[in-house]
Amino acid sequence: ITKTITRPEERGEDFSKYTNEVLLEMFAKVDFKEEYKGANHENPVCIELRKAAQVLGDRHIEGEFNPSKQQWESIDKIVNQYLYFLDIPRTDDRGETTTQMIRLGHLALPSLIKDLSKEEKSYAGGVLMRMRDEKVIKSIIQKAKEIDNEKVKRRFIRLLSLMLVNTTCRV
């Protein structure tokens, strides 16, 4: 199989030129249930959302984006819309939406931890597992210490166990 490597100018518009507000607004304008209802995630809107999520996540990691309260609320709404699709049994939706939350990176972390903390079924653990790093693990430990509900606390401990087992160095 030959993999084509494209030059940056062939990948379409550079989204790093947009402000964080404009990038967040791109998500606000999208009807998620309409755009993600089928197997075609190569449509222009989904591709633009991929780029927007990556730029926002990268800026946050680089310390160039520290969201305001209102922006955190927007990010929470975005993550919750993606989490909705993890409860639908079509694998293509799950892969795309999981990857979108990973692109958002630590911006998605508070929403994912909140979702994992609810008593009902949560798919956030699978996303957190793929995002695992020191900050994610420390955030999960901190939240686990605060939880009173034993069932939810066990979910956190189980996830931490899996994370730590799967990050062990093998020689």
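Select lysine 138 and glutamate 134 first: in this predicted model, their side chains meet in a salt bridge with an N to O distance of 2.8 Å. Both residues belong to helix α8 (residues 134-146), where they sit 4 residues apart, about one turn of the helix. In general, an α-helix has 3.6 residues a turn, so residues three or four places apart point the same way. Lysine 138 is exposed, and glutamate 134 is exposed as well.

This pair belongs to a set of 7 salt bridges in the structure, and a second stop is the one that joins the side chains of lysine 17 and glutamate 13 at 3.2 Å, N to O. Here lysine 17 counts as exposed, at 57% relative accessibility, while glutamate 13 counts as partly exposed, at 35%.

Next, select arginine 50 and glutamate 96, whose side chains form a salt bridge of 3.0 Å, N to O. Because arginine 50 lies in helix α3 (residues 44-61) and glutamate 96 in helix α5 (residues 91-104), the pair ties together parts that are 46 residues apart in sequence. Are these two residues buried or exposed? Arginine 50 and glutamate 96 are both buried.

Now turn to the aromatic rings, for which a search of the whole structure returns 3 pairs. One of them consists of phenylalanine 32 and tyrosine 82, arranged edge-to-face, with 5.0 Å from centre to centre and 75 degrees between the planes. Phenylalanine 32 is in helix α2 (residues 32-35) and tyrosine 82 in helix α4 (residues 69-86), so this pair ties together parts that are 50 residues apart in sequence. Both phenylalanine 32 and tyrosine 82 are buried.

Moving on to tyrosine 84 and phenylalanine 85, you find another edge-to-face pair, at 5.1 Å centre to centre and with 85 degrees between the planes. Tyrosine 84 is partly exposed, having a relative accessible area of 40%, whereas phenylalanine 85 is buried, at 3%.

For the last stop, select alanine 124, which is found in helix α7 (residues 124-131) and counts as buried, at 0% relative accessibility. Which residues does alanine 124 contact, leaving aside its neighbours within four places in sequence? They are Leu83, Leu112, Asp115 and Leu116. Extending the selection to threonine 98 gives a C-alpha to C-alpha distance of 9.1 Å from alanine 124, across 26 residues of sequence.

Finally, display helix α6 (residues 109-116), which is mostly covered, with 6 of its 8 residues buried.

Conventions: Residues are numbered from 1 along each chain as its sequence is written. This is a predicted model: local features need pLDDT of at least 70, side-chain atom pairs count only at pLDDT 80 or more; totals for chains, interfaces and linings use all residues. Side-chain values use heavy atoms; hydrogens and water are left out. Buried means under 20% relative accessible area, exposed over 50%, partly exposed in between (1.4 Å probe, protein chains only). Helices (H or I, at least four residues) and strands (E, at least two) are DSSP runs, numbered from the N terminus. Rings of Phe, Tyr and Trp (its six-membered ring) pair if their centres lie within 6.5 Å; planes under 30 degrees apart count as stacked, over 60 as edge-to-face and the rest as tilted. Contact means heavy atoms within 4.5 Å. A salt bridge is a side-chain nitrogen of Lys or Arg within 4 Å of a carboxyl oxygen of Asp or Glu.
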